[in-house]
Amino acid sequence: MDGDVPRRYRVHTLAGLIQPELLPDGQVCVDMGPPTLCPQAVPTTLEASQDGAAVAVPLQIEGTSWPMTCVSMGNPHAVTFGPADSPIQVASLPLAQLGPHFETHPAFPAKTNTEFVEVLDRGHVRMVVWERGAGITLACGTGACATLVAGVLEGRLNNVCQVDLPGGPLQIEWQDKGNRHVYMTGPAELVFAGQVALK
């Protein structure tokens, strides 16, 4: 807010260290760290299917098989691009009906956030999320990051992708070689200001 850009910060969170940088154009780029892909660490009981990660592993929900890729960005995510014969169209997805079935499925012992993803092209997706303990939300930064990682692992997406969420777009990049960090870039806006009286 003081106009001094660019600036970098180190923020310690319960999910680990994140490192936001305020860019000259007003966007914020956050180093979200590397994804965790080992199923037990996500956590999920779904078995590893590709290089130690649970990638496109079938999960039965209400009689339908949903291929799931599981990623932790400090919190658990299960990402799906839809059943094999029915790619997701986010505008018509019954998220309020489906979400709770994924969140509380026994395959996710700590519950899970679930991302439902519609691929527009290899560099652009639409995503809606059911967040554990919250339900439908307008956006989820870690979910957008997990979406890109899952898309790369499944061979659907490039390493840089725009993720459109109901709350707005985010640019996500995964350097799957080298430091393996995920970078999230998007706008930051003042939502409110106020005062609190402390006694």
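**Strand pairing and aromatic contacts in the predicted model**

Within strand β4, V28 is the bridge partner of L22. The structure is a predicted model in which local features need pLDDT of at least 70 and side-chain atom pairs count only at pLDDT 80 or more, whereas totals for chains, interfaces and linings use all residues. Residues are numbered from 1 along each chain as its sequence is written, and side-chain values use heavy atoms, with hydrogens and water left out.

The bridge between L22 and V28 belongs to the antiparallel pairing of β3 and β4, which extends over four bridges. Strands are DSSP runs of E with at least two residues, helices are runs of H or I with at least four, and both are numbered from the N terminus; two strands pair if DSSP finds at least two bridges between them. β3 and β4 form a hairpin with four residues between them, and G26 in the turn has a positive phi of about 90°. Strand β3 (residues 16-22) also pairs with strand β1 (residues 7-8) in the antiparallel sense, over two bridges, with E21 in β3 as the bridge partner of R8. Strand β2 (residues 11-13) is joined to β3 by three bridges, again antiparallel, and T13 has G16 as its partner in β3. The hairpin of β2 and β3 has two residues between the strands.

Strand β4 (residues 27-31) runs antiparallel to β13, to which five bridges join it; V30 stands opposite M184 in β13. Four bridges connect β13 with strand β12 (residues 168-174), likewise in the antiparallel sense, and here W174 stands opposite V182. Five of the six residues of strand β13 (residues 182-187) are buried (under 20% relative accessible area; 1.4 Å probe, protein chains only), so the strand is largely enclosed by the rest of the structure.

A search of the whole structure finds three aromatic pairs, defined for rings of Phe, Tyr and Trp (its six-membered ring) by centres within 6.5 Å, with planes under 30 degrees apart counted as stacked, over 60 as edge-to-face and the rest as tilted. W66 and F116 form an edge-to-face pair, at 6.1 Å centre to centre and 85° between the planes. Because W66 lies in strand β6 (residues 64-72) and F116 in strand β8 (residues 113-121), this pair ties together parts that are 50 residues apart in sequence. The rings of F102 and F116 have centres 5.2 Å apart and planes at 85°, so this pair is also edge-to-face. F102 lies in helix α1 (residues 95-103), and its pairing with F116 in strand β8 therefore ties together parts 14 residues apart in sequence. W66 and F116 are both buried, and F102 is buried with a relative accessible area of 0%.

Methods:
Buried means under 20% relative accessible area, exposed over 50%, partly exposed in between (1.4 Å probe, protein chains only).
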